[in-house]
Amino acid sequence: MNNRRKPSRYRPDSAGKLQRFRKLNIPKRKSPANDCLYQRLDEKRLLAVAVAAYQDDFPGPGQSPQSGWAYQWNAPAGWNSNGNSGDLTTGSMASLQTGLALLSPTGVGTNWSPDGDMNGGNNFPAGHLRLHGLGGVAGPAGYDGAGQNQHDRFAVASFTVDQSGYYSLGDSFVDMLQSPASSDGVEFRVFVNREAPVEQGLVKPGMRAYFDTELGYLAGGDTIHVAFGANENNNSDYFLTDYKIWIHPEREQPIGNYRSGFSLAGNTGSWQYLWNAPAGWSPGGPAGNLGSGAIGDPGSFRPLLPSEAFWTADGDADPSHAPDYHLRLGPLGGHPGLGTVGGKYAARYSIAAFAVPASGLYGIRDSFLSVSALSDDGVTVRVQINDGKSQPVTTRVVPGGQVTGFDGSLGFLKKGDRIFVAFGANSNHIHDSFLTDFSIVRLVPRAAPDLSILQHTGASVTVAATPDDDQDDWAAIQAALVLAASMPGDFEVRFAPGVYNVSVPAGWGATTPLFDIFRHENTLIRGNGAVIVVDDYQRGLFAVRQSTHVVISDLKIDYARANSLQLPEQQRRYKPLTFSQGIVSAPDPVSGTFVLTVDLNGFVA
């Protein structure tokens with residue numbers, strides 16, 4: 001399933017990219033004034049776990065790669081280290097069909113190369129291509145010409161994850177600060193399995209670039225590749241690199257679990273139990289047209305009926321009725337109905353359906369399918385979204401006596417979409433009983449905010465200003481915020497209802513925000529419906545820096561300009577500025593957040 005990742009926002013020839021940093025949430029202890037400032041580092045809540053690190057994990061001399069790692073290159077078909085260059089028209093990194101060949105240790109330091117030596121003049125197109133514990137060298141650049149290398153040859157560090165979850169790549173860099181000017185740069189690409197790159201770019205000599213990126217939801221067994229290749233030539237393409245691969249357990253929001261959600265009480269909630277009935281079938285009646293009602297046709301899906309501890313097609317446990325026979329779903333697993341019988345009929349699946357409660361990115365987690373050892377030819381598990389046309393369908397056959405997981409990304413789903421997890425016979429249904437479990441998870445883009453501070457009943461200060469008096473209230477608001485920064489524990493800055501006016505202090509720079517919330521922890525700014533009117537329409541109101549857990553609640557902010565400051569206060573009239581302009585991106589209804597990028601050309605920062 002390939003809907004889990006975002007396209008790169010950077011062209012391959014870019015010189016770098018903006019860095020994205022993760023802020024550590026490390027609480028500090030505040031000390032009284034005039035005391036020495038001591039801090040105890042408290043245990044940080046586990047938000048992400050580094051499962052792999054390029055430099056830390058790279059094998060030392062004489063060592064094998066650590067579990068999950070492989071060092072590879074896109075060799076031409078037929079290439080070998082005995083001098084056969086192979087078919088130089090093959091091995092394009094852009095082709096999703098290109099396989100990757102393993103590098104070999106050279107015995108010189110930590111260097112690994114295609115042919116196991118450091119000789120860049122033999123075994124074309126291996127060239128000087130290699131990886132080592134601090135970086136590597138790009139392979140030959142591709143160019144057209146009879147009998148010549150036609151594709152860039154990349155050094156590729158690959159890591160296969162062993163558990164499903166939401167992944168990212170961070171703490172990354174590719175460095176050519178010491179490279180000679182004869183190099184024209186090194187291209188880097190990040191991709192999963194053999195899908196299109198999720199991040200790519202170019203680092204030039206004397207520069208450093210970064211490739212932190214979200215990898216999205218990966219299933220156990222997916223492989224993350226980071227590849228390094230030449231630009232137009234491979235002159236002195238030496239580079240340094242490092243990166244970590246992170247899994248983010250806090251981004252998984254459990255939505256439903258098959259076993260814990262199983263019930264015989266009804267068949268109309270988030271979970272439903274169905275089967276693909278043939279046209280003309282009825283309980284206790286005719287079998288209908290056994291060639292109709294294929295699993296790909298949700299119009300054929302009919303509810304199962306409760307029977308003792310199971311859901312069955314006709315509400316009884318009699319296995320002699322065609323075509324359902326033993327078809328059932330129970331609290332631990334079930335059994336499919338009639339198989340295809342040599343392709344003559346449509347296989348009858350027992351189906352667990354789940355309705356998506358909110359739009360977002362979804363996946364299947366903690367799944368397994370265990371098939372009876374007596375099964376004749378195994379059981380098929382099929383995962384389908386709605387009619388299977390808008391999202392890829394995945395199928396997997398599990399032979400008798402084996403256990404297999406079917407974790408994977410379900411892509412972006414909308415509220416009301418239905419996830420069908422169906423279990424059917426492979427060809428026949430002889431002894432096809434199975435055990436199963438799986439969870440539906442939503443992958444949130446960030447941890448949902450902790451709003452428990454809204455229940456705050458402890459220490460607080462009320463802004464010492466009179467609302468609705470048309471006077472400048474900057475000093476009073478600033479004093480309350482300064483006090484909050486010095487207070488330990490949760491602290492509330494409270495406004496009385498009304499309108500507060502804020503003007504820019506004399507001598508401030510053109511872009512200095514009015515209030516700098518710096519090194520605050522656990523501060524609640526409760527507006528109680530108050531309105532702050534700012535008279536400089538291009539100046540930011542709050543700048544929150546190096547702070548943790550700051551919540552602004554029930555506070556309205558408006559920008560207005562005085563027509564004339566020379567008029568008596570009671571005669572001043574403000575002309576409201578009716579809108580700001582920008583781009584809203586990454587809306588997340590579960591965490592209640594979005595990213596706003598404001599157009600700074602004439603609008604408030």
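Predicted model: local features only at pLDDT ≥ 70, side-chain atom pairs only at ≥ 80, totals over all residues.
View B. Six strands, in the order β3-β2-β8-β14-β10-β11, form an open sheet whose pairing is antiparallel. Strands β3 (101-102) and β11 (199-203) stand at the edges, and because each has a single partner strand, one side of each is left without a neighbour in the sheet. Strand β10, made of residues 186-192, runs antiparallel to β11 and is joined to it by 5 bridges; valine 190, for instance, has glutamate 199 in β11 as its bridge partner.

View C. The whole structure holds 28 aromatic pairs, among them tryptophan 474 and phenylalanine 515, which count as stacked because their ring centres are 6.1 Å apart and their planes meet at 10°. This pair links distant parts of the chain, since tryptophan 474 lies in helix α3 (residues 474-486) and phenylalanine 515 in strand β34 (residues 515-518), 41 residues apart. Tryptophan 474 is buried, with a relative accessible area of 18%, and phenylalanine 515 is likewise buried, at 0% relative accessibility.

**View D. An aromatic cluster.** One aromatic cluster includes Tyr54, Phe58, Trp69, Trp112, Phe188 and Tyr243 among its members.

**View E. Arginines over phenylalanine rings.** Arginine 208 lies over the face of phenylalanine 173, at 4.1 Å from the ring centre, while arginine 328 lies over the face of phenylalanine 310, at 5.2 Å from the ring centre.

Notes
Residues numbered from 1 in each chain as written. Heavy atoms only, no water. Pairing = 2+ DSSP bridges. Helix = DSSP H or I, 4+ residues; strand = E, 2+ residues; numbered from the N terminus. Phe/Tyr/Trp six-rings, centres within 6.5 Å; stacked < 30°, edge-to-face > 60°. Buried < 20%, exposed > 50% of the residue type's maximum accessible area, 1.4 Å probe, protein only. Lys NZ or Arg CZ within 6 Å of the ring centre and 35° of its normal.
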